Structures are given as C-alpha cells and as structure tokens.
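Please keep the sequence and the three-dimensional view at hand while reading.

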Amino acid sequence: MKQPFRTAQGGRIDRSRPVFFTFNGRQYAGHAGDTLASALLANGVHLVGRSFKYHRPRGILSAGCEEPSALVQLEKGGLTEPNMRAPVVELYDDLAATSQNAWPSVEHDIGAVNGLLSKLFVAGFYYKTFMSPKSFWMKVYEPFIRRAAGLGKAPTEGDLDIYDKMHAHCDVLVVGGGPAGLAAARAAAASGARVILIDEQNELGGALLSADELIDGNPALDWVAGIQAELLANPEVRILTRTTVTGYYDHNYLIAAQRRTDHLPRRAAGKTARQRLWKIRAARVVLATGAHERPLVFADNDRPGVMLAAAARTYANRYGALVGKKVVVFTNNDSAYEAAFDLKIAGAAIPAIVDLRPEAGQGLLERARNLGIPVIAQGAIVGVKGTKRVAGALVMRLAEAGEAFADTQPAELECDAIAMSGGWSPAVHLFSQSQGKLRFDDAKACFVPDVAAQHQASVGACNGSFELGACLAEGLDAGAAAAEAAGFPATAKLVAPVAQSRAFGTIKQTWVVPSLRPVGHGKAKHFIDFQNDVTAADVALAHREGYKHVEHLKRYTTMGMATDQGKTSNVNALGYLSTMLGTSIPEIGTTTFRAPYTPVTFGTLAGRDVGHLADPERHTPIHAWHVARGALFEDVGQWKRAWYYPRPGETMEAAVSRECRAVRESVGVLDASTLGKIDVQGQDAVTFLNLLYTSAFSKLEIGKARYALLCKEDGMVMDDGIVARVGPSRFYLTTTTGGAAKVLDWMEDYLQTEWPHLKVYLTSITEQWTVAQVAGPKARAVLEKLTDTKLDKESFPFMAVKDATVAGLKARIFRVSFTGELSFEVAVPAHQGKQLWEAIFAAGDEFGITPFGTEAMHVLRAEKGFIIVGQETDATVTPQDLGMGGMVSRLKPDFVGKRAYTRADTARVDRKQLVGLLTDEPQTVLPEGAQLVEVSDDPALTKGGTSPLPAPVPMIGHVTSSYWSPTLGRSIALALVKGGSARHGQVIMAPLTTGAVRCTITGPVFYDAEGKRANG
Amino acid sequence: MLLITCPWCGPRDEIEFTCGGEAHRARPQDPAATDDAAFADFLFMRTNPKGLQRERWCHSQGCRRWFNLERSTITHEITRIYKMGEQPEASADATSPARQGGQP
C-alpha cells in the first residue's frame, strides 16, 4: 500500500517490514518502528477525532505523551482501551483503532452542532446553562451532557490481560533516557552504585532520536548506543524502557508503569503480564524528564494539520513521515527553525517561517536563505483556512508595539500543515510532585526547578537547560554526585563529551496571538486546552467574572483538568491570565502537579489483586462441611461465616425459623471458631485485665469465666467477650469476630506504652482453636455421649470452664450461652475441628441436631436482649446506656474508661439507652436503622412518602436490631431511645416512607428473663 | 510512602506501620483526681502543630513494637526515632522549609 507522505529514506523505521492496521475500519500500512500517529501521518490522515465539547475536528498535535488531541479507542471487547494517545501507541500487526466522541463517523459528526451552540458551552457552562428547573439536572441535563461531551468508552467486559507488580531498590534512580539521563546513569554506574534507568520510549536516546546533533563529532545516536552497551554490561544497572515514572512520593518512593506487551500484536502477548507496576525506593533520584513544546494560541489553532514544530521534526527525522507537503512554520523562538530546516531537507516545501519576534537567533536567517525558506519577521498567523485539514494560513505583520497590525489585509499562504512553537515547558511534574518549589524563568518563559525537597537533582531540559552540551555536563555531574551521596564516590572524573551547541536564543512571550477580530468575537476560536476545549475567550470570560486566582480559574474553565493534565496548556493559560491581570506569572503561581504523570490503567494498579485475590478470605476448618450442607455465607471482617442452611426450596425466613426452633426445642450447633481468642499470661495478668476491662477479675476463680466489656478512655463500649481464668496467671479471652485484631493491638498498645512494667504476654490464638457451640435443651445429652466429664448442673455450672476429652480429642469446654439456652462451647485444636464437628453431629442425630448460622444466632440473642458490638453500639454508647452498669466496677480505683463515667455528658440521664420495642401490629418488622420519634398525628409523618416534607421533628432514637421472632411468633426490635430505660410501657413511633409504625417501649429481654434455661 | 526506621528491624515502608497519633500524652496517673477540664483535654485535644511533631508508631506488620518518632508535618521529614520511655531534647528547627527527606 502506498504511503503518500512517507519520506524517501531515513528514520528509525524498518522499511522492509510493513505493518498493517485499521483506523475507523479502513486498512492502512505502516512500518515496524512506527507509532499509530506516525503511520497515520505517513498515510496523510490528520483527522483523528472530535473534540470534547464542540466536536471540532482534531488531528495530531504532538509526538509524545503530552498529546491532548489525538486520542483513540484501541481494540474491542475485553481488550479495548479508551483515550489512547496515538503518538505513544506503537504500531503492531492488525492494530485496530477508532475515533472517539464522533457519531456516526469522524467525517460526519452530528455532535458538531455543539460548535454552533458554543455560546452555551462557555466557561462555567455547567453552572449557568443548566441551573433550572432543579429537577432537570439528573434527568435531562446530565445525561445529555454525558452523551454529547466525552472521550472514549470505558470497557464493559472483563479485562483479558494480566498485570503484576515489582518492588525495587537502588542507589540512584535516573528518570529519562535522553542525553542528560544517559550521562547521569553512566556517571553513577561508573562509581559502582546500583542504578535503575527508566525511559518511557521504546528505545533510549530521548530527543536525540529526533535530531541530527553530533556528539564528539559522530552522530549522537552512536554515542547513545555506546552508553547503552556500557550500561547493559554492568550487572548493577537495570534499564527499563517503555516505562513511565508516574508518581514521586515521600522519601524518594517512586511508582513506574511498564508496558511489556502493548507493542506486540494482541494475540501474541499470551500469558505474559501486559503491564507491570514498579514501586521503587531510591537513595538518590536524578530527574532527566525533558521538556514539552507549547502551542501558540492563535485563531483556529486546533485545525487538523496544525501541530507542534518539534513534533513535525520528529515525524520527519525519526519516523520518515511528513506532516505535509507545504508546511508553514510559526514561532516565537529559535527552536522551530531547526524543524523548518529538517522538513525542507526531508522534502517538504516551507512557504514561510512566520516569526513573532523582530529578529531570529544568530545564523538562522542565513541558513533559511540558503535553503530557500522565506522568513516573515514580526509576523503572525491570524487565521487558518480549512476545517478538517489545514488548507492555508492567513498572515499579517505586527506593528512595532501592542496588538496592532502593520498590514491592512492578511496574506494567504497556501499550505497543508502548520508547525508551531510557543516555547518549551520543562517537564517539572515529578519534581513538583516531590514537593520541590518552582520558579519562573522569564528569559526562557517557563517554570524551572528551584528548591528541591528530596534527595534529588533535575538535569537537562527538565531543569531549563535546553542546550545539548549543558544536558551532557549536568547529567554527568549529577550522576556522580548522586552516587557519591549514596556512598559510591567517583573513582575518576568522566570527561563530558563535546557536543555542537545551539544557543537557546530569545523567546517572545506572546500568550495569545492577535487576530483579525478580538478574542471571543467572530467565529474563530483560540484554543488553549485542546483536550477540554478551553479557549482564550473562556479564560477572558472567567477573568471578567472575577476568577482571578489560578486554582479558581482552573476549576471554573476546567483548563488543565483533562487526562493530559494541561501539559501543553497550563503555561499558556497562566500567561494569558497574567496579561489580563496586569501581573507577572510568578505572582500568579502555578497549579498543583499531581500523580499520575500520564494515565495508568486500573489493571496495572490492581496487579494480581483482583477476583478472589482482591481481599483474603478466612475460612474455618469446618468451611467445607458448611458448603456441603448448602450454607450461604456472611462476610464478617475477612471471615466467611455460615449465615443459614436452607433446605431445597426453603426461604431464608423458613430456614432461620427452623434453625431457631431447633435450638429452643432440641439442639443446634454453631461454628464459633471465628471469635477472636487471646491468650494472656504473666504474673501481672490479673492487674492488666483489671486495668482494661470494666469488671474486676481478682476474685475470678480458676475454671470460671465472665462476660466482660472493654471500653475506651472516653467510656464508650469498644468490644465484648468472655474472660476465662485457666490458671493462676493465665487467661483465655474472646473478642468479637470483627474486633479480634483491633483488640489485640489495643491491648499491646497499653502494655507497651502505658504499663510497660507489667509482666504480661499476649498471643493471638484465634486460628489455633476450632469452636463448636452446642446449644439447646438437648446439648447436655449430646455431649454426654462424647465425654466422661460430668456435665450436670452441679458438676459443671453456668460460666464454668473445664479441660476435658471430647470425642477422644483434648478439648476445653466453656459453659457459656449467647442464645439463652443451655449451651456448651467445645474448643479443640484447629486441625481436629472437623473431627469434633462430625462426632457431635453423629451423637446428636437422634435429637435431630441442626446446624445454625449467624442469622439464627442473631435472632436468638436478640430475643434474649444480648447486644452485638457495632450493632447496638456505635462508639457513643456506654455500658450504662446498655443497661450493663452492673458490669462496671465501682471498687476498682482505675480502669480504662472509668474516669469518663463521671463526665457531665456520660452521666446525663437522658442519654440514649437500650430498650426493646414491640410494634402495635405484631406482624410488622421494623427496618433496622429506622428513626424513632414521639407519637404525632402530623399526616406528613403518619401517611409516609416524602412529600409534603414534615416540619423538623426531633429524633429520639433509632432501631438497632429488628427480627421476626419464631419463638414469640411476633416481631421484636432493640433500639436506642433517649431516656429509654425510664420509658418502658410508653408508645413512640417510627415514621417510615410507607407510613408510621407505632410501637411500645419494653425492656430489652423478650424471652426467659430469669435466665432459667441457660442455667438449667 | 514514608521510609521509617524501626528501632528493632531497620528501615521499612510505611505500609508496615500504624500511626498512634501524638506522643507523650501520658494517661493521668490518678484519673479520679483529674478534673473534668484536664481529663477532656487528655481525651480530645491534640496540638496539631505545623512543623515538628512527636508521634507514636507501631511496627504492626513486623515486630509489633511501639516506638516514637519526630516528623515534620510540613515535609514528612523524620528527624528522630527513639524508643518508648525516652524523651530527647526538642529539635532546634521546627519549620524547616526545605526538607532533606528520607532516612540518613
């Protein structure tokens, strides 16, 4: 296939290897070594997409990661990826790309009507145009805007690729493999330091890949190849190409995203991780991240074919692709002259170099004359012909001062591309992310690093040093200094190579080029932010409306907030704002640079932590048995707990009722292994527990347990559990399932920091024990078949703990009850848990023994008014609020929380207190979390719904637990109600959207208030 | 991601640690004798300085030991690390604008 804009020779592409690809369904050919952008340009394709807001035709602006315009959707289905920047997509066989934000096609886009309505889409249009009526926002405006304005489409299928992560450490990390970075890596590596060199491109060389400079008299790329060979031979050096350092965090911690297979045909990628996230800690960092060229802001500067001059030079020199046959060059500095010369040599006609300045740098005019390129000094492009492709440039000469023109009519220069340069912005993103301070260099018209905040140096173009000789010298010095600071002094000083140096010259700070009609008037648009469609008129409007702070301006206009984060636009916007404010750019400052430097896919950030590896799951030793019995599971922390065990065709309600009845009438078994368990040992164990728990343990006998509360210093309940004394100075504690780790940490904190003199040792034993809770009137009969230990009431009373042999296993039995029934918790070493469990079920078969899950447990405990921490409590509830004041010792001089109970707020009598609630209508089950109010006949409350809204009504409490009680044959609820313990018997109501529910306050215990069953 | 030198284990990533907030806020020796205002101060008030702050940290994913460190709340520079029970002299420069970062 013919590539009409391919140069005759040269470039770093492999002309012997064609690569076929499709763009918007049409097949094209490029070459190995092309990017999608260079291949499209070689085929004469400039119209790549439509813009975000106005659906303006857009082409390729740049040749690098800063690209704001040429965004495409790559591939389809599970491989699709939106917003891919064409200049950094390496071409591979059968690549398929499509335009974004265009329908039905990029050539004929209906959304372009937005351009005609552009008066509606000005700065802040979200806040102005779509304000009323209020209800229209969600239903009409927002969906409309979302459809009309946008970029690529997020994938809807699962990602087919795999990703992984690496951690790395080094003495010197060099970011950027251009001349400065290579020099730095070389100097650092020469001293023996461990070096990582990272570059985002497919090969080292940076800007040298696009240029024709000489180093030591030879082509610069020979020098690059020499350094690369030297570094590759050094075992202490790691080179990562196709890798972008995207974040620079505290203490020299940097994140890089490596693209490992993105340049390969998708099917060839196979099982190799597509991208890899590197987490790197470096003793020293050398930033050599280069610079980005800025566009000039002139009338219709976004037409396809208008691009950055250095990019046009890159496409010609590196990729052998001409951006046009006739290219007008427009500049405010010297650098674009090199582009004009190289384009001319590569075969393009240059109708003119239009230079905003009165005078170009030394020698440039002569070289232009020798190449036959006319130079229009003090000229300006005031308009662009052509819509989907540049067809001509309108040029006028400027008067000596101000915005006046020296000509009366523009001259039209016929051309098919315009190469522009508005100066250079050092890529200070990583420096700034590392909290370094910037300063504005007025002579170079850019922000440069000023004060570093971490162990780091910026070298080369990212430091504002645009000349090759300076890049090499700075790199060598910084590399050696970094290695030395990391403990590797240089053995011999390397001699900086000799490079032909082109002076940076002068730059004219023209932030918006004068045009035929003033900014904001007429049809022409002067784009500053190409990706978010922010024009000079938008910035001017924002300024007129009073947005004078740069951070406000940014948010109001959305300038710099697109996926390119304003790499090509921020400085132009600041410059324009400064001219309107009549201040200098340093006075305005710049907006914050944030990670990531370039977009990173979620897949790379997630790595392997997806699917079942996203979060660990904890299973008890009985888990497989629960699964086999058809249990559904509930997540409690990371634990999977059996929730209930439905029989075939059984509803949840029926299953839970059946499980509850089994416990109340015969016997059930709960897997209680997940409860936190802590072994406490040491001569001061009693003292320690007395200081932590609200109750006293001095008199707790060996072989006895006690239910106890842990509170924080503010007196609020934090956790609860059993404290069992199993030896003179040894205790076995349980915690809630979700609170286990927190409680252990909290205890360790006190032990190490408040009472380090106490001799106490804490060990988590949660996973060492499997615990079967056997509950119900037949629990004793079941266990008696399995143990010789006497279980009768006298030998083994309530709250006793004994070591025993159960089913031939060494076990510990706790006679405790969370269901209100006769109940034994049998603990055996975890690996024997399944054996115990099966023995219990075999023994219980004759009693119809039934496994019960956490839902039945919740119902059973609520019938008994037992609390669940985190359900009845929320860190604002004291033991007294729960009616557990009796568990708070008055005799102990001190324990955590004690002092708080005499504070005015905790001592109030009208605090919210735990009560029971019985609905007037027994069938009605209140929703948990329902708000409670005093009884009222306000129809707004009693009739439900949301309109009309009632006048503010004081909320006196809320429902914490609510269930259908199979035992009582009616609904029950627990609630926290203001002054509730003194209000038993009173009626309050829960106003629901379905109408108000009246209920009577009761005590929280609904069943067996005397506790005979558990004690029996 | 801070690099924190655990006094027992050496330099480790911040992800292995938990921060326990401001250090040297001793629990009242005799809480019962502490008046409401003083106790409320202990419970709720923290100095929240702009500059150097001493904090309690625990190497929770490592040796599980608590220790103190001194950190700039502006730059995250860690200027001191010391064991529980120690109380070194205050650092001179509390608001150094340019930090050196990382660990020596």
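Two residues are in contact here if their C-beta atoms, placed from the backbone, lie within 7 Å. The model under discussion is a predicted one.

The buried positions in α19(A) are A:A685, A:V686, A:F688, A:L689, A:L691 and A:L692. Their packing partners are the strands β34 (676–681), β35 (705–711), β36 (717–727) and β37 (730–735), together with helix α20, of chain A.

In chain A, an open sheet of 5 strands is arranged in the order β35-β36-β37-β34-β38, and the pairing is antiparallel. The edges are taken by β35 and β38 (761–764) of chain A; each has a single partner strand, so one side of each is left without a neighbour in the sheet. On average, neighbouring strands of this sheet are turned by 30° against each other, direction ignored. Helix α20(A) packs on the sheet and touches β34, β35, β36, β37 and β38 of chain A, while its direction makes about 165° with that of β38(A). As for the pairing within the sheet, β35(A) is joined to β36(A) in the antiparallel sense over 7 bridges. Here A:A705 stands opposite A:A724 in β36(A).

For chain A, an unreviewed UniProt entry lists residues 622–889 as "domain: GCVT N-terminal". In the model, the end C-alpha atoms of residues 622–889 of chain A lie 39 Å apart, and the span is 26% helix and 29% strand.

A further set of strands in chain A is also antiparallel. Strand β45 (residues 931–934) of chain A pairs with strand β48 (residues 987–992) of chain A in the antiparallel sense over 2 bridges. The bridge partner of A:V933 in β48(A) is A:M989. On to the next pairing: β48(A) and strand β49 (residues 995–1002) of chain A run antiparallel and are joined by 6 bridges. These two strands, β48(A) and β49(A), form a hairpin with 2 residues between them. A:L992 has A:G995 in β49(A) as its bridge partner.

Helices also meet one another in chain A. Two packed helices are described by the angle between their axes and the distance between the axes. For helix α5 (residues 179–190) and helix α6 (residues 220–232) of chain A, the axes come within 10 Å and cross at roughly 35°. The crossing in which α5(A) passes α6(A) is left-handed. From α5(A), the residues A:L182, A:A185, A:R186 and A:A189 meet A:V224, A:I227, A:E230 and A:L231 in α6(A). By class, the residues of this contact comprise 6 nonpolar, no polar and 2 charged.

Two single residues illustrate opposite surroundings. A:F21 lies in strand β1 (residues 14–23) of chain A. Is A:F21 buried or exposed? A:F21 counts as buried because it has 22 C-beta neighbours inside 10 Å, and a residue is buried if 20 or more other C-beta atoms lie within that distance. Beyond its neighbours within four places in sequence, A:F21 is in contact with A:Y28, A:G30, A:A39, A:L91, A:D94 and A:L95. A:F21 and A:D93, 72 residues apart in sequence, are 6.2 Å apart in space, C-alpha to C-alpha. A:H108, by contrast, is placed in the loop between β7 (95–99) and α2 (113–116) of chain A. A:H108 is exposed because 9 other C-beta atoms are within 10 Å, where the limit for exposure is 12 or fewer. Between A:H108 and A:P57, 51 residues apart in sequence, the C-alpha to C-alpha distance is 9.8 Å.

Chain B has 1 helix and 6 strands, which follow the pattern β-β-β-α-β-β-β along the sequence. Of the 104 residues in chain B, 20% are buried. Among its contacts between residues at least 6 apart in sequence, 53% join residues at least 24 apart.

The contact of the two chains takes 25 residues from chain A and 25 residues from chain B. On the side of chain A that touches chain B, the largest share, 6 residues, comes from helix α20 (residues 740–754) of chain A. That side of chain A has 6 nonpolar, 7 polar and 12 charged residues.

Notes. Residues numbered from 1 in each chain as written. Chains lettered and ligands numbered in written order. Predicted model: local features only at pLDDT ≥ 70, side-chain atom pairs only at ≥ 80, totals over all residues. Axes fitted to C-alpha atoms, helices over the stretch in contact; angles between N-to-C directions. Helix = DSSP H or I, 4+ residues; strand = E, 2+ residues; numbered from the N terminus. Left-handed = near helix turned anticlockwise from the far one by under 90°. Nonpolar A, V, L, I, M, F, W, Y, C, P; charged D, E, K, R; others polar. Pairing = 2+ DSSP bridges. UniProt positions renumbered as here; feature names shortened; annotations may be inferred.
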